[in-house]
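Visitor: I'm new to this structure and would like to learn how to read it. Could you walk me through a few features?

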Amino acid sequence: MTASCLSRAFIAFLISLTSLSVYAQTPGRKDSDRERVLSEIRNYKHDILVKTLDLTKDQQREFFPIYDELEDRLQELNAETRDLEKRVAANEEASETEIAAAAAMVYSQKDREGTLEMEYYDKFKSILTPRQLLGLRGAEKSFTQKLVRHHNRLKDNR
C-alpha cells in the first residue's frame, strides 16, 4: 500500500472526525460536551482497532499513546493549513507572493502528512506485527465507515 493510499484513508477519517468535531462545537455546546464527544469517538476507535487487529494488552499500552499523538499532530497540521488558507483567501490585500505561498502549503499538505505518517510507521513497527501494521489502515477505514453510518442514522432521525 502506497503512502498516498494510506494518506487518503486517513484523510477520510479526518473528514468524518472533523464533521463530528463541528457537531461538538455547535453554539450552545459546552467545551466539556465537545471534549466528551471527542473522547467517546477516540475510545470507540480504540475498541475497533483492538478487536480488528487483535491487540494484546501490552501492545495497547504501547501503541495507543503513540497512535493518539500521531492523530493529534495530523489534526493540528490540517487545522493550521485550513486556517492559513482561510486567512489568506479572506485577505483582499494579500500579495501574489503570499497567495502563492499559501497555495503551496495547501498543495503540499499530503506530502507533510505522509512524512509524519512514515515517522510514526517506524514507531509502530516496533510494537505491531507486520500483519497488524498492514491491517491498521483497513481497521481505520472500517471505523470511519461505521462512524459515517452512525452519523447518517442520527441525521436521518432528526
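Guide: Helices (H or I, at least four residues) are DSSP runs, numbered from the N terminus. A bit of background: this is a predicted model, where local features need pLDDT of at least 70 and side-chain atom pairs count only at pLDDT 80 or more, while totals for chains, interfaces and linings use all residues. Residues are numbered from 1 along each chain as its sequence is written, and side-chain values use heavy atoms, with hydrogens and water left out.

Visitor: At what angle do helix α3 and helix α4 pack?

Guide: Helix α3 (residues 57–90) and helix α4 (residues 96–107) pack at about 155°, and their axes are 10 Å apart. Angles under 35 degrees count as roughly parallel, over 145 as roughly antiparallel, 65 to 115 as roughly perpendicular and the rest as oblique. So α3 and α4 are roughly antiparallel to each other.

Visitor: Which residues make that contact?

Guide: Contact means heavy atoms within 4.5 Å. On the α3 side you'll find Thr 81, Leu 84, Glu 85 and Val 88, and on the α4 side Glu 98, Ile 99, Ala 102, Met 105 and Val 106.

Visitor: Now α2 and α6: how do their axes cross?

Guide: The axes of α2 and helix α6 (residues 130–157) come within 9 Å and cross at roughly 135°. That makes α2 oblique to α6. From α2, the residues that meet α6 include Ile 41, Tyr 44 and Leu 49; among their partners in α6 are Leu 136, Ala 139 and Phe 143.

Visitor: Let's zoom in on His 46. Is His 46 buried or exposed?

Guide: Buried means under 20% relative accessible area, exposed over 50%, partly exposed in between (1.4 Å probe, protein chains only). His 46 lies in helix α2 (residues 31–53), and at 14% relative accessibility it counts as buried.

Visitor: What does the side chain of His 46 make a polar contact with?

Guide: A polar contact is a pair of N or O atoms within 3.5 Å; within protein, one must be able to donate a hydrogen and the other to accept it, and residues adjacent in sequence count only if both atoms are side-chain atoms. Here the partner of the His 46 side chain is the side chain of Asp 68, at 2.8 Å.

Visitor: And Lys 110: buried or exposed?

Guide: Lys 110, in helix α5 (residues 109–124), counts as exposed at 54% relative accessibility.

Definitions and conventions: Axes are lines fitted to C-alpha atoms, for helices over the stretch in contact, and angles run from 0 to 180 degrees between N-to-C directions. Helices (H or I, at least four residues) and strands (E, at least two) are DSSP runs, numbered from the N terminus.
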